[in-house]
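Me: I have a model open and would like to go through some of its local geometry with you. Can we start with the aromatic rings and move on from there?

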Amino acid sequence: MAAVKKVAIAGSGVAAMAAAIQLAKLGVGVEVFEKKPELSPLGSGITLQGNALRALGKLGVWNQVLEQGYPAEGLVIRAPGPGAPVVMSLPEAKTGGPDYPASLRMYRPDLTRILYAAAVAQGVTFHFGAELTGLADRGEQVELKVNGEPAGAFDLLIGADGLHSTVRELIGIDVRPQRTGMGAWRAFVSRPSEVVSSEVIYGGPVYIAGYTPTSEDAMYAFLVEPAQDRSALSDEEHARLMYETSLPYDGPWNAIRADLLNSPQVNYTWFTSHLVPDAWNRGRVVIIGDAAHSCPPTIAQGAAQALEDALVLTEILESHDRLDQALWDEFHARRLPRAATVVEASVQVGQWQIDGDQHADIGGLVYAVAQKMALPA
């Protein structure tokens, strides 16, 4: 019997959706509170490594994800300069096992919509325009305030409300995302026929110039540079600056540039990282996903770790009949070391690039992490 019967979840990202789906499957009453007025996922493309695909299989949405995404095996590395010659093609570890491709790329909002539909089908209740403004842990239940008004009592509150988590603040965890020194332009563009897997160019005027297919006719392109404040720029200025920054890059970037000035989906983000180093819960409130940890996308494990948090938490809730310290000890023993490995490795890869370390074994580090991720969470 599950340790909880009624659960509230703050947020509507992948961690929130995954937890909601799995809890509802157990017969738990689940209510999701999202402060935005509607489901509005941010971002362009997302890379899902094998362990993320394995998690999506457990959620029962793998077929829909496969239909909307672009499975791929391997990574192509090109050199900067005329023609952008291919330096090497690297295989990717199948961290999800033999039933899944090494990775899959897709349009991020499509993933959100798939997970939302699955949660609704399981009977999850969603409240939009519902900002969590207060909570009180009464021992046997936690009482919530939403938009300043009482919103009921629950056996558990899961804070899956992202980098700038309100739940994390309300329970007194004073850990915040820290900028790593890198920033990235991202744009959703059409896919040239010759691009069939992720490709990156290291060096040149930025750290990384890359692109990755998300469907048969689309992909997202990105330029990773020293982080700068681009917040005052208009959409047109974002597109123009990404276009201008990409000019030294050849090969498929010539086709990408043809789309850039017409793309309405050019955005700029700073890379951040953080890790809550001890317990992620305070009594009957727990944070997961980006609320508990974040990492730059240098090894593409952010979504995978959020999904694993949700699945491990719900698995442990199912196997215990009480929400006690033994339950939390088991959860933290399974999740903290694994999340820490990913955060530390992601930051290290980025720092090597910032430092221009020609002797850094980036491939070796990424391979070592992949081997760990191949093991069950």
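**Rings, helices and cores**

Me: What is the relative accessible area of Y116?
Reply: Y116 has a relative accessible area of 27%, so it counts as partly exposed; buried means under 20%, exposed over 50% and partly exposed in between, with a 1.4 Å probe and protein chains only.

Me: Before we go on, what am I looking at?
Reply: This is a predicted model, in which local features need pLDDT of at least 70 and side-chain atom pairs count only at pLDDT 80 or more, while totals for chains, interfaces and linings use all residues. Residues are numbered from 1 along each chain as its sequence is written, and side-chain values use heavy atoms, with hydrogens and water left out.

Me: OK, back to the rings: how many aromatic pairs are there?
Reply: The whole structure holds twelve of them, where rings of Phe, Tyr and Trp (its six-membered ring) pair if their centres lie within 6.5 Å, planes under 30 degrees apart being stacked, over 60 edge-to-face and the rest tilted. One of these pairs is Y116 with F126, an edge-to-face arrangement with 4.7 Å centre to centre and 65° between the planes.

Me: Which parts of the chain does that pair tie together?
Reply: Y116 belongs to helix α4 (residues 108-121) and F126 to strand β8 (residues 125-128), so the pair links parts that are ten residues apart in sequence. Helices (H or I, at least four residues) and strands (E, at least two) are DSSP runs here, numbered from the N terminus.

Me: Is F126 buried or exposed?
Reply: F126 counts as buried, at 15% relative accessibility. F126 also pairs with F128: the ring centres are 6.0 Å apart and the planes are at 10°, so this pair is stacked. F128 is partly exposed at 26%, and ring pairs join Y116, F126 and F128 into a cluster.

Me: Where do charged ends sit over rings?
Reply: The charged end of K6 lies over the ring of F154, 4.8 Å from its centre, and that of R179 lies over the ring of W270, 3.8 Å from its centre. The criterion is that NZ of Lys or CZ of Arg is within 6 Å of the ring centre and within 35 degrees of the ring normal.

Me: Switching to strands, what is the order of the open sheet?
Reply: Three strands make up an open sheet in the order β9-β10-β11, with antiparallel pairing; two strands pair if DSSP finds at least two bridges between them. β9 (132-137) and β11 (149-154) are the edge strands, each pairing on one side only, and the twist from one strand to the next averages 20°, with axes fitted as lines to C-alpha atoms and angles running from 0 to 180 degrees between N-to-C directions.

Me: How many bridges join β9 to β10?
Reply: Five bridges join β9 to the antiparallel strand β10 (residues 142-146), and G134 has K145 in β10 as its bridge partner.

Me: Which residues have a positive phi although they are not glycine?
Reply: N147, in the loop between β10 and β11, has a positive phi of about 55° and is partly exposed at 46%. A84, in the loop between β5 (75-78) and β6 (86-90), has a positive phi of about 45°, and A84 is buried with a relative accessible area of 0%.

Me: And how covered is α2?
Reply: Helix α2 (residues 50-59) is mostly covered, with eight of its ten residues buried, among them L53, L56 and L59. G60, which follows α2, has a positive phi near 85°.

Me: Which residues touch the most other members of the largest core?
Reply: In the largest nonpolar core, which has 79 residues, these are I9, L48, L56, V65 and I158; such a core is a set of buried Ala, Val, Leu, Ile, Met, Phe, Trp, Tyr and Cys residues joined through side-chain atoms within 4.5 Å. A second, separate core has 21 residues, including V195, Y211, L241 and V266.

Me: What does L365 touch?
Reply: L365, in helix α10 (residues 362-373), touches A345, Q348, V349 and W352, leaving aside residues up to four places away in sequence, where contact means heavy atoms within 4.5 Å. L365 is partly exposed at 24%, and its C-alpha is 9.4 Å from that of S346, 19 residues apart in sequence.
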